[in-house]
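Hello,

Here is the structure we talked about. My notes follow below it.

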Amino acid sequence: MKYRTLGSMGLRVSEMGLGCMGLSYGYGPSQSKKVAIDLIRSAFEEGITFFDTAEAYGADNEEWLGEAVQPFRQNVIIATKFGWKEGDASLGELDSRPERIRQVAEQSLRRLRTDCIDLFYQHRVDPAVPIEDVAGTVKDLISEGKVKHFGLSEAGIATIRRAHAVQPVTALQSEYSMFTREPEREIIPVLEELGIGFVPFSPLGKGFLTGKVSTDTCFLQNDIRSTLPRFQGDAFMANQQLVGAISALAADKGCTPAQLALAWLMARKPWIVPIPGTTKPERLKENIGAVEVNITPDDYLQIEAIFERWPVKGERYREGGMKLVGR
């Protein structure tokens with residue numbers, strides 16, 4: 001495992017991180033504490049030093065991560081997030097008031113068993129609170145030694161610029177993958193201009209790009225994919241064709257579709273660090289294997305041709321669902 005630097009503030013992390021959300025939230029039943037801790041420790045043993053959690057994933061998620069990394073806390077980077085009302089994204093309401101940010105910081109410090117949060121993201125842009133107030137609050141937490149770096153998630157370019165003017169933004173975390181390429185139009189050029197790292201979440205298209213999602217796959221009610229347009233009806237069938245073509249290309253390269261998708265992301269920019277999540281040790285090892293996959297110019301051309309022939313069908317979220325990019 002090699003290292004990459006996120007942002008101009010010098011945050012060094014493994015070139016791939018581990019997204020911990022699925023251990024307790026979003027993709028069906030929560031895992032047991034033992035399964036979660038074992039997986040996190042296995043990730044560290046394989047070279048991963050960058051772990052991502054959030055208040056919104058439930059108290060267990062932060063607590064498990066804190067306990068798992070306690071023996072080697074000084075050797076890892078922990079990222080967590082604030083911004084949902086009462087810490088519950090299912091309510092669909094945001095809350096980034098300064099007093100709430102401070103409350104979340106104190107809660108997260110306790111749950112994570114640490115005296116400093118390495119990277120503290122605003123989970124979604126709150127239109128009711130000026131981003132300058134958010135950035136200023138995190139700046140104060142940094143000066144107090146409770147936080148080291150400031151991050152944003154799903155923020156648009158205007159918000160990024162305004163926040164960065166108050167407190168340098170170390171990283172933006174937003175959805176980016178072969179399936180979701182909107183950040184290439186405006187976001188990535190601005191991040192490069194300002195010296196901000198990019199942490200793509202759902203780098204495997206919420207599992208679609210693994211090649212393991214088929215027409216026989218049944219999503220449970222508490223699996224977010226059961227409501228996402230890309231996983232429904234005609235869009236689902238069309239996207240299966242797309243993944244089939246990606247899988248064929250991966251087979252020609254001697255890797256899995258997931259490894260190809262992750263390697264493609266990491267090859268885009270040296271300051272992009274994807275955070276695939278999993279609950280299975282074998283998938284963890286598979287994902288980490290992506291760091292050994294070389295993406296050639298010919299691969300790029302073939303991938304572009306595949307997406308021209310089979311464009312992604314369906315929106316990321318249903319209308320009125322998850323809050324999307326804030327301007």
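What share of the contacts in the protein chain with a separation of 6 or more comes from residues 24 or more positions apart? The figure is 76%. Bear in mind that this is a predicted model.

Overall build first. The protein chain has ten helices and nine strands. Its radius of gyration is 19 Å, close to the 20 Å that the globule rule gives for 327 residues, so the chain is as compact as a globular protein of that length. Along the principal axes, the C-alpha atoms fill a box of roughly 50 × 40 × 40 Å. Of the 327 residues, 56% count as buried. The chain exposes about 13,700 Å², and carbon and sulfur atoms supply 50% of that.

Now the charges. There are 39 positive and 43 negative side chains. The centres of the two sets lie 1 Å apart. Salt bridges number 24.

One of them joins Arg161 and Glu193, at 2.8 Å from N to O. Arg161 sits in helix α5 and Glu193 in helix α6, so the pair ties together parts that are 32 residues apart in sequence. Arg161 is partly exposed, at 36% relative accessible area. Glu193 counts as exposed, at 51%.

Arg181 has two partners to look at. Glu184 is one, with the closest N and O atoms 3.1 Å apart. Glu304 is another, at 2.8 Å. Glu304 lies in helix α10 and Arg181 in the loop between β8 and α6, so this pair ties together parts 123 residues apart in sequence. Both glutamates are partly exposed: Glu184 at 24%, Glu304 at 28%.

Finally, a network of salt bridges links Arg102, Glu106, Glu144 and Lys146.

Best wishes

Note on methods: Residues are numbered from 1 along each chain as its sequence is written. This is a predicted model: local features need pLDDT of at least 70, side-chain atom pairs count only at pLDDT 80 or more; totals for chains, interfaces and linings use all residues. Side-chain values use heavy atoms; hydrogens and water are left out. Helices (H or I, at least four residues) and strands (E, at least two) are DSSP runs, numbered from the N terminus. The radius of gyration is taken over C-alpha atoms; the globule rule is 2.2 Å times the number of residues to the power 0.38. Buried means under 20% relative accessible area, exposed over 50%, partly exposed in between (1.4 Å probe, protein chains only). Contact means heavy atoms within 4.5 Å. Accessible areas come from the Shrake-Rupley method with a 1.4 Å probe; for residues, only the protein chains shown count as cover. Lys and Arg count as positive and Asp and Glu as negative; His and the chain ends are not counted. The place of a charge is taken as NZ of Lys, CZ of Arg, CG of Asp or CD of Glu. A salt bridge is a side-chain nitrogen of Lys or Arg within 4 Å of a carboxyl oxygen of Asp or Glu.
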